[in-house]
Amino acid sequence: MRDPRRASRIVSYILLAPIVAFFVSPILWLIVTPFSIRPSLFISLNGFTLNNFTRVFQNRTAVNAFRNSLVISVSVVVLVTTCALLAAYVLSRHDFKGRNVLLYMLVLFSSVVSGAAAMVPIFILNLRLGLINTELGVILTLSGGIMPTALFILKDFFDSIPRTYEEAALVDGSSPLQVMFRIFLPLSSKGVIVIAMLVFTQSWSNFLVPFVLLRSTSKYPVSVAIYTFFSEVGVPDIGMISAYAFLYTLPVIFAYVLIERKFGFSFYGGIKG
Amino acid sequence: MSWIVLESVTKRFSNVVAVNKVNLQIERQDFFTLLGPSGCGKTTTLRLIAGLEFPDEGKIYIAGRDVTMELPKNRNVAMVFQNYALYPHMTVRENIAYPLFVRKVPKKEIERKVAFVAESLQISDLLERYPQQISGGQQQRVALARAVIQTPNVFLLDEPLSNLDAKLRIEARSFLKRLSMELGTSVVYVTHDQSEAMALSTKIAVMNQGHVLQVGTPRLIYDTPANTFVASFIGNPPMNIVECRFDGSTCVLDGQRIDLSDLPLSEFPKERGFIGIRPENIAFHTKEGDLIGEVYVVEPLGFETVVTVKVNTSSLRVLVFEDVPYKSGDKIFLKLRKDKLHVFDESGARILRRDEA
Amino acid sequence: MKRSLMGRKVIVFFLIPALSLIFVFLILPGVWVLKIGMTNETLTGAKARNPDFVGFENYAKVLSDRFFYNALRITLLFVLGSAIIGQAGLGLSLALLTYRRRRLKSFIQSVVILAWIIPEVVVAYLWIAFLDKDYGTLNMLLSAIGLRKINWFYEHPLLTIIVFNVWRGTAYSMLLFSAALETIPPSYLETAEVIGASSWRKFKDVILPNIRSYILTDLILITLWTFNVFTPYLLTGGGPSFRTELLSIYIYRTAFRYFKLGYGASIATIALLINFALAMFYLSLSRRKRT
C-alpha cells in the first residue's frame, strides 16, 4: 500500500539532493586527489597511487611542521585539561562568594576577545614577554583562549555527577584528596576525554595564532605550512598539498568521531567559534 | 456497516508487531474503550484510526468510507492527547478556535461557537488566559473543547485523564461521561485503567501484545472474561486465578479436592487447568467449606476489607463488606460461589458453559 | 551554602593555574588594547620602542578612514548574507526537512558537520580548488553543461566568500534547530495535523512560536562568530581591490602588514566593542531564559 506521506517525502529528497551535493563536492576533492596519479584541481581519480604521500614525507618543511603541530597541540591539551579539571572541580563543588560573577565574566571575555581583533593586543603582549616566534608563546596564547570554554563544559559535566558518590566516600572515611582521585576522576573520565579531544582539535586546527606569532618557517605548524605551500608564487604541487591536507585532517575527524560516540553532537553546543 | 470498522489491521515498527490483525466494529453511539497494559498496541490502534500512522495490512473505514491511506485532515476526526497539546503561545480562546481558524470559518461564526462550547464545558471565564496559567483539570477541558468544536465523525481520546491526580480524575470522569452522551457520535478512548474503562464505556476491547482479546460491554467482560489475561486485568482486586489439576470434574488444588460436577461446562480440562473466582464471590466459614486455608494478611479499606488467604502454596484474595474477626495465622474455611466460578483450560482460554455455546 | 569538601588553600591552589592563564592571555590583552589604541606604536622603526600617547587621535582618523567604512560595509553584508540569511536559513530548512527522520538526519548532519570541523586552512584550499577558473570542479561542470566558466574570485568575490561561509558554518544552526525541534512535543504537530493544518500553518502557528528563543540565540551567536571570522583571508587575501576586506582582515592588514600596531589596536577596540555589545545581548537573553 502507498503511504500518503510519500509525496512530501519525495519533495524533501528533491530539495535535499542539491544541498548535499553542495556540501559534499568540495570535500570529495580532499578524499580523491591524494590518491590520484595525475592530481589536478578537478575531482578525478585516474589510477591509484600513494606517491603523493611519499612526497609529503620527503618534504622537510612538511615533516617538521607535523612535529611542531604535535608539540603545540599536545602541550595545549595537557595544560588546558589539567588546569580546567582542577578549576572546574572547585567551581562545581564549592560555592564561594562571587563564583557566578566570575563565571559570567569568563563567558563574556571568552566570546569578546576572539578573532583577528584580539590578535593585535595578543601580539603586543607576546612581544613584551619575549615570546614572539616561540612555540611557548603559541601554546600559552592558545591555552588562554580555549581555557574558558573547556572550563564551562567541564563544570557543566561535573555538575551532572551527583555529589552523593563523594559524600558516601567521605562518610566511609576517605580524605578529600582521595575522594577526588579515587571517586571523582574515574566518574568524570568520559567528560575529561571529550574535553581533551576538543582542545586538541581546536589547537591542531588553529591558523591565526601561529600565523601572527611565528616568523621562521622551521617553527610553523601544519596549518601555516599548508598556507605557505598553496599561496607561494609558482606552480603549487597539488598532489603533495592534497596528501598533506588529508593527513592533517584525519586526526581531527578521528577526534570528532570519538566525541560523537561519547556524547553526541548535542553536547557540542556552543563550543565552536 | 458499522460507523468505524477496522478489518484485520496490522502495523509493524521495524520488526515489532504493534498491532496484529485487529478487527473492530464501532457503532455511532458507542463509547468504545481500548484497554490494555502499556505497549499492548492500544495507542497505535488509536493513531491508525486518526491517520497518524498507516497500517501495513488491512483496511480502516470511517462513516462508510475507506480511509486506510487518507491523511488525518481528510478523515474528519478530533483527537485529545494525553498531554493535551495545548499551544502555550495561544490563549485558551485561540486554542479552542484554532481548528475553525485553520478551516477558514468566518470570524463571527468562530466567536459564536467558541462561546457556546466554552459555556457547555464551563470554561467561559478562562478564555483570555494562557494554558500554563490554568489547572490540569481546566487544561483537560480546554483540550476537550478544542475537539468538541470540530463536530467530527469520531472523537479519539488518548488517556486524557492520566495526567490528573486521583481525586480530580474521578470528577473529570463523571464530567466526561455526561459530555459523551451529548456528543452524538462515537468516542474511541484509550486507557490502561480498568476502572475508567468500566465506568465510561459502552464497549471495551481488551488488548495485549497487539491482539484484541475480547470485545464486549463492561458487564460481559467482567462476568465472562474470555481468558485468564482479561480476567485478571479487569476488576480490583483482580480475579483469583489458581492453577490446578483436574480429575474428571474434580479440581485438585494442592491436595484439596473441589467438586465441580454441578457446573454445566461443555468439557473439563484434561489434566492441567485454572480456576478463577472474583474476591467478592468467596465467603468465610468457620466449620466447613470448599477449601481450608490460613489467613495471611488482613487489609481493612474502610468500606470493604481485603483478606489474603494462603491455601498451601497458592493465595486467594477475599473481599468482604463487614469487619472480620480474623488475624494472620488463623485457620479458615472458604466457600466458593460455584455459579460465579470460571474454569480455564491449559492455554488460559475460558471454558464455556453449555448454555453459552 | 553547601559545605565544601576542600580547604581554602586547596581551592585557591586549584583555581590559580586556569585563572592566571585566562587573565594573562585573554583578559589582559582585552583591556590593554584600549591603551595601545591610544598610542602610535609601530612594529618597526622609532615608534616600536618608544610609542607616544596620542589620545583619541587614532579614533578620529578611523572615523574618516575610507578603508574602515569599506570594511564595515563588507562585514555587514557578509554577516547578513552568510550568517543571518545563509546559515540560519539553510540550517533551519535542513532541520525541518530532516525532522523525525533519524537516519536521514544523521546522514545530512555528518556531511554538514564535516564541512564545519575540517581545519580552516584545508577548507580554504578545498574552495580554491573547487572554484578555480580553469580547472575547478564547479567550472568544469558548468562548461560540461554548456555554460561559461566564471572567475568566481574576480567576478563575484563577496558572493563567493558568503557562499563559502554558509558552507562552512551551517552545521551549528542545523544542530541547534534540530535540537530545538526535538523540544516541541510531537502531539503539538499531530494535533495540527488531525485538525487539518497545512504545512505552512504548522510551521507558522506551531513550530515558529515554540522555537523563537532558539532562533534568537542562534542569530546572535552566529553573528558574533561570523563577525570575527578570518578564514576568507585564506581564500582571497581581502582582494581583489579590497572587495572582500572584512573588518578582521583590515585589522590584520593594518597591524601586521603595514605594522601600524597603535592604529590597528584602535580599530580592534571598535571591533571588540561590537563583540562586547553582541555578547552582552546574548548573555542577558540566556539569563532571562533561565529564570
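**Close-up views of a predicted model**

**Figure 1. A residue pair between strand 12 and strand 13 of chain B.** T250(B) stands opposite D259(B), a residue of strand 13 of chain B. The view is taken from a predicted model, for which the scores are ipTM 0.89 and pTM 0.88. Strand 12 of chain B covers residues 250-253, and four bridges join this strand to strand 13 of chain B. The two strands run antiparallel.

**Figure 2. The five-stranded open sheet of chain B.** From one strand to the next, the twist averages 40 degrees. Strands of a sheet pair through backbone hydrogen bonds, in either a parallel or an antiparallel manner.

**Figure 3. The four-stranded open sheet of chain B and a helix lying across it.** This open sheet has the order 2-1-4-5, and its pairing is antiparallel. Strand 2 (16-26) and strand 5 (65-66) of chain B are the edge strands, each pairing on one side only. Strand 5 of chain B is joined to strand 4 (residues 57-62) of chain B over two bridges, in the antiparallel sense. Within strand 5 of chain B, D66(B) is the residue that stands opposite Y61(B). Helix 1 (residues 42-50) of chain B lies across strand 1 (4-13), strand 2 and strand 4 of chain B. Relative to strand 2 of chain B, this helix runs at about 65 degrees.

**Figure 4. The hairpin of strand 9 and strand 10 of chain B.** Strand 9 (residues 203-208) and strand 10 (residues 211-216) of chain B pair over five bridges in the antiparallel sense. N208(B) stands opposite H211(B), which belongs to strand 10 of chain B. Two residues lie between the strands of the hairpin, and Q209(B) takes a positive phi near 50 degrees.

**Figure 5. The packing of helix 3 against helix 8 in chain A.** Helix 3 (residues 60-93) and helix 8 (residues 176-205) of chain A pack at an angle of about 140 degrees, and their axes are 9 Å apart. Helix 3 of chain A and helix 8 of chain A are therefore oblique to each other. The crossing in which helix 3 of chain A passes helix 8 of chain A is right-handed. The residues that helix 3 of chain A brings to this contact include S69(A), I72(A), V76(A), V80(A), A84(A) and Y89(A). Among the residues they meet in helix 8 of chain A are M180(A), F184(A), V192(A), I195(A), V199(A) and W204(A). By class, the contact of these two helices of chain A has 15 nonpolar, four polar and no charged residues.

**Figure 6. The packing of helix 3 against helix 6 in chain A.** Helix 3 of chain A also crosses helix 6 (residues 135-159) of chain A, at roughly 40 degrees. The axes of these two helices come within 7 Å. Helix 3 of chain A passes helix 6 of chain A in a right-handed crossing. In this contact, 21 residues are nonpolar, four are polar and three are charged.

**Figure 7. Chain C and its contact with chain A.** Chain C has 14 helices and zero strands. Its C-alpha trace spans about 75 × 75 × 35 Å along the principal axes. The mean pLDDT of chain C is 88, with 96% of its residues at 70 or more. In the contact between the chains, 73 residues of chain C touch 77 residues of chain A. Helix 1 (residues 8-36) of chain C gives the most to the side of chain C that touches chain A, with 18 residues. That side of chain C comprises 62 nonpolar, eight polar and three charged residues.

**Figure 8. The contact of chain C with chain B.** Here 13 residues of chain C are in contact with 16 residues of chain B. Helix 10 (186-195) and helix 11 (199-228) of chain C are the elements that give two or more residues to the side of chain C that touches chain B. Helix 10 of chain C gives the most to this side, with seven residues. By class, the side of chain C that touches chain B has seven nonpolar, three polar and three charged residues.

Conventions: Residues are numbered from 1 along each chain as its sequence is written. Chains are lettered from A and ligands numbered from 1 in the order in which they are written. This is a predicted model: local features need pLDDT of at least 70, side-chain atom pairs count only at pLDDT 80 or more; totals for chains, interfaces and linings use all residues. pLDDT is the predictor's confidence in each residue, from 0 to 100. Two residues are in contact if their C-beta atoms, placed from the backbone, lie within 7 Å. Ala, Val, Leu, Ile, Met, Phe, Trp, Tyr, Cys and Pro count as nonpolar, Asp, Glu, Lys and Arg as charged, and the others, Gly among them, as polar. Two strands pair if DSSP finds at least two bridges between them. Axes are lines fitted to C-alpha atoms, for helices over the stretch in contact, and angles run from 0 to 180 degrees between N-to-C directions. Angles under 35 degrees count as roughly parallel, over 145 as roughly antiparallel, 65 to 115 as roughly perpendicular and the rest as oblique. A crossing is left-handed if the near helix is turned anticlockwise from the far one by less than a right angle, and right-handed if clockwise.
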